[in-house]
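The tour below goes from the whole chain to single residues, one selection at a time.

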Amino acid sequence: MKKTLIKNIHTLATFDNGKEIKNAYIKIEDNIIKEIGSGEVESSGFDVVIDAKDMVILPGFVNTHHHFYQSLFRAVPQVQDAKLFDWLVFLYEKWKNIDEEAVYVSTIVAVMEMMKSGVTTTTDHLYLFPKGHPYLFDSEIEGAKLTGVRFYGTRGSMSLSKKDGGLPPDSVVQTDEEILKDYERVINLYHDPKPFSMTRVALAPCSPFSVTKELMIQTREFANRHNLLLHTHLAETKDEDIYCLEKFGKRPVDYMEELGWLNENVWFAHLVHLTDEDIKKLSDNNVGMAHCPTSNMRLGSGIAPLYKMKNTNMRIGIAVDGSSSNDTGNFLLEIRNAMLLQRVAYGESALTAREALSIATTGGAKVLRLENEIGSITVGKAADLIGFKLEDRLEFAGGLSDPVACLVFCDAKQVDFSMINGEVVIEDGHFVHIDEEKYIAKQNEISKKLLS
Ligand SMILES: [Zn+2]
């Protein structure tokens, strides 16, 4: 058994019932937090001792929605100022050329970017399987494994192409049969539901406008049989409202209700355009949400009414969304944008810094139904921890009267320390085991090729 001690912690923000401890320590055995306390502690008998003097330590962030492959397509000139449907129609034509290597490398790059900004658990929504490349999900799993992140992959899908009234072109959709068969394959191969597992899989048809009704229902039935979570995009834009009304005679949340998709095993990305009745329905059914403020701002989609949802039964997490519509994977920035954007819509105290951090940690854990394993620094939970040095950082200079809130208010740039499942993955701001430069170079090479 490996014993780890983290001592002299300037401020430990546990996000366990708001408990914050000064001059704290954490004792860890293998991957599990065994003891939390404050004051002097004996270092002998530990295999690893980490001195966290001048550091604030938090639980690692949980990113609840992403499209890793899109990190190859950031800031594409032709769609920098486009709204969602136009942006999608243009990018499908570029995205259709991705292959196994592109997915593998972009996964590593996207995860590295998030790990540097504090993410220790992430999901991804991979819904693009161009003709001839049915096994891209496998490349993603392989890439995520290399990074050491706790990964909740979602096997996405698109089955409704332009000729059938959907948005994507034929070249990137699969048949319902192909998709259902692959669910079985990837669940058998990769989904590990054991406590503290590093790899899990959920199912995620892309959106109401790219998947058939039958596939939505069959996916839900498959998920129920195998006890899996379900995920999709919902109520992101006004165009989607119009599409759903025309096509299904009802708005997005009502359509999901009809499909049996409102329950405690479902989380939706976005949820921007909602009525008060929609929010009540989502709350009554304990539905989860990945809030993506930067993407919503970037595409001009709108402001999700988080302020109205934060005290309901909804489970709410934060997410960077894909890098074609963010166009960063900087999770710290996402937390800050979440806080600020709610204030634009609902006033100066709509979301506090600690509320935003809580949504980013315990909130995200609830969205992925991992609240018993991660999301707070609690005895018995996984040692997924991040640390920020306070005293020698330009952005925090003058902000140390509240070292926790200053991470959000003063725009913390990146973590100095990250531990995932008991393993140190970032030390002094650098990856312990990933060759960052190698993958950046490779990513730029692939991106150039795909955009040319
Ligand atoms: Zn998305």
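The domain bounds used on this tour come from an automatic or database domain assignment. In this predicted model, that assignment gives domain 1 (3-60 + 373-431) and domain 2 (61-367), and the C-alpha centres of domain 1 and domain 2 lie 29 Å apart.

**The whole protein**

Begin with everything shown as a cartoon, in which you can trace 14 helices and 17 strands. The C-alpha trace spans about 70 × 45 × 45 Å along its principal axes, and the radius of gyration of 21 Å agrees with the value near 22 Å that a compact globule of 452 residues would have. Of these 452 residues, 52% are buried, and among contacts between residues at least 6 apart in sequence, 75% join residues at least 24 apart.

**Where the domains meet**

Colour the two domains separately and look at where they touch: 27 residues of domain 1 are in contact with 29 residues of domain 2. On the domain 1 side, β5 (55-59), α13 (405-409), β15 (417-420) and β16 (423-427) each supply at least two residues. The residues of that side divide into 16 nonpolar, seven polar and four charged.

**The largest nonpolar core**

Next select I57, I335 and A356, which have the most contacts inside the largest nonpolar core, a set of 135 residues. Helix α2 (residues 100-116) gives the largest share of this core, 11 residues, and the core draws at least three residues from each of domain 1 and domain 2. In soluble globular proteins, nonpolar side chains tend to be buried together.

**One side of a helix**

Now move to helix α1 (residues 84-95) and show its buried residues, L84, L88, L91, Y92 and W95. Why do they lie on the same side of α1? They cover an arc of only 120 degrees around the axis, which puts them on the same side of α1. An α-helix has 3.6 residues a turn, so residues three or four places apart point the same way. If you also select α6 (238-248), you will see part of what covers the buried residues of α1.

**A buried loop residue**

Select L228, in the loop between α5 (213-226) and β10 (230-234). Is L228 buried or exposed? With 22 other C-beta atoms within 10 Å, L228 is buried, because 20 or more is the cut-off for a buried residue. Leaving aside neighbours within four places in sequence, L228 is in contact with I187, A202, L203 and A223. P193, which is 35 residues from L228 in sequence, is 9.1 Å from L228 in space, C-alpha to C-alpha.

**Backbone details to finish**

Most residues other than glycine have a negative phi, and most peptide bonds are trans. Against that background, centre the view on N17, in the loop between β1 (3-13) and β2 (20-29), where phi is near 55 degrees, a positive value. N17 is exposed, with 8 other C-beta atoms within 10 Å.

Then go to the loop between β13 and α11, where D321 lies; D321 has a positive phi of about 60 degrees although it is not a glycine, and with 30 C-beta neighbours inside 10 Å, D321 counts as buried. D327 is also placed in the loop between β13 (315-318) and α11 (331-346), and the peptide bond from N326 to D327 is cis, with omega near 0 degrees.

Definitions and conventions. Residues numbered from 1 in each chain as written. Predicted model: local features only at pLDDT ≥ 70, side-chain atom pairs only at ≥ 80, totals over all residues. Helix = DSSP H or I, 4+ residues; strand = E, 2+ residues; numbered from the N terminus. Rg over C-alpha atoms; globule rule 2.2 N^0.38 Å. Buried ≥ 20, exposed ≤ 12 C-beta atoms within 10 Å, placed from the backbone. Contact = placed C-beta atoms within 7 Å. Core = buried A, V, L, I, M, F, W, Y, C linked by C-beta atoms within 7 Å. Arc of directions from axis to C-beta. Nonpolar A, V, L, I, M, F, W, Y, C, P; charged D, E, K, R; others polar.
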